[in-house]
Amino acid sequence: MEGESGSEKGGSYWEGDCMYDNMTVTEFLRWTNGEVELGDGVSPSSHWAYMDYKYAAEHLSRADKKGESEEDDSGVNEKSERGGRGGEQGGADTPHPSFDHMYGWDKLGFDLDKNRETVLWLGTKGSLTPLHFDAYGYNVVVQAMGEKEWVFFSPAQTDHLYPTRIPFEESSVYSKVNMLESEEAIAAAFPLFSAARRQVVTLQAGDVLFVPPDWWHYVRTTSPLSLSCNRWMAMEERDEKKRVEECVVRTLLTALLPPPRPTQLCEWLNPNEAYWERGECEQVLTALLSGRGSEVGEEGGIGEAEEENGQEKEGSEEGSETESEKGDGVGRIWLKLAEAVSQPDVISLISARLCSTASK
């Protein structure tokens, strides 16, 4: 749940900077009608609430397990664990075999076996997603109830939008511009933003929206209550390249910044994003660069079966790598990465960015 204040970290709005409460959808709707109080002055008149990134099939499978008489326990404004959006598979543990067909995605010509499951978004008036773009695939959104305002910026406007990878979330590139701030505050902190050309789309119940790859956007609920659903559709060749880029970013941040502390929010990792150890980054990046990206699991590791197969091949095939040679090969990823980031043009760009930041 969110009030009117923005992030305490400064810069971009972090989705984890809010109050959390676990409640059923029925309790949530009762709260929006003023029938339930949460204490500490949390009311629909002073706060907005958002249940985001909840897999529809997960709810249905839970309902099947619990029985029709029991309510689904859904967290409000709390993201379910997941891998990157878009070109990866993930989501519900036990998807209902026909659930996604209920939405008619197949009528639009989408291959439901190759794309992520339907995601539900439920929120009250004023609820807002940060300004960002999605690295993987493209997005198709259906507005089921209520009204939402989508504000778009084309990729050509990126220089006006102050992109940042902190907070890091795989597949989501955020802007430093916090849309919860006033126009005056934004103009003072980010003067180029006012020159960015935007396109505004209002979605009403029954509307379908296509979100192109790399298009910046933020979304605000403009009706008392809104329910929408979407799917990120994979673009396999493009997504493979993007996964390498995302892994490079993660690897650099992991090498440069401290790991999360058990009792504190990480200063650079979005709360919904899993932390990878240095060795995991090395392993996944090696697999992606060698064309074995399909072996990368949801949490970033290489599947046990693939590792076992690899070990069997090493022991049985003549001329295969020894364990020490394999280790040296994996280690070369860091040498290649260091060589790439130390190129003169890259160093010039980094130095210019650092000097620009220091002068502010």
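Tutor: Buried means under 20% relative accessible area, exposed over 50%, and partly exposed in between, with a 1.4 Å probe and protein chains only. I350, with a relative accessible area of 39%, is therefore partly exposed. This is a predicted model, in which local features need pLDDT of at least 70 and side-chain atom pairs count only at pLDDT 80 or more, while totals for chains, interfaces and linings use all residues. Residues are numbered from 1 along each chain as its sequence is written, and side-chain values use heavy atoms, with hydrogens and water left out.

Student: Which residues form a nonpolar patch on the surface with I350?

Tutor: Patches are made of residues with over 30% relative accessible area and no salt bridge; like charges are joined within 9 Å, and nonpolar side chains (Val, Leu, Ile, Met, Phe, Trp, Tyr) within 5 Å. Here I347, I350 and L354 form the patch, with about 270 Å² of accessible area together, areas being computed by the Shrake-Rupley method with a 1.4 Å probe and, for residues, only the protein chains shown as cover. I350 itself has its place in helix α8 (residues 344-358). Helices (H or I, at least four residues) and strands (E, at least two) are DSSP runs, numbered from the N terminus.

Student: What span does helix α5 reach from its first C-alpha to its last?

Tutor: The expected span of a helix is 1.5 Å times one less than its number of residues. Helix α5 (residues 278-289) has 12 residues and reaches 17 Å, close to the 16 Å expected at 1.5 Å a residue. Its buried residues are C281, E282, V284, L285, T286, A287 and L288. Just after α5, G291 takes a positive phi of about 80 degrees.

Student: How many aromatic pairs does a search of the whole structure find?

Tutor: Rings of Phe, Tyr and Trp (its six-membered ring) pair if their centres lie within 6.5 Å; planes under 30 degrees apart count as stacked, over 60 as edge-to-face and the rest as tilted. The search finds 10 such pairs. One of them is F28 with W31, stacked at 6.4 Å centre to centre with 20 degrees between the planes. F28 and W31 both lie in helix α1 (residues 25-32), 3 residues apart, about one turn of the helix. An α-helix has 3.6 residues a turn, so residues three or four places apart point the same way. Both F28 and W31 are buried. W150 and F152 are also stacked, because their ring centres are 5.8 Å apart and their planes at 20 degrees.

Student: Why does W150 count as buried?

Tutor: W150 counts as buried because its relative accessibility is 7%; F152 counts as buried at 5%.

Student: Over the face of which ring does R250 lie?

Tutor: A charge sits over a ring if NZ of Lys or CZ of Arg is within 6 Å of the ring centre and within 35 degrees of the ring normal. R250 lies over the face of W276, at 3.8 Å from the ring centre.

Note on methods: A salt bridge is a side-chain nitrogen of Lys or Arg within 4 Å of a carboxyl oxygen of Asp or Glu.
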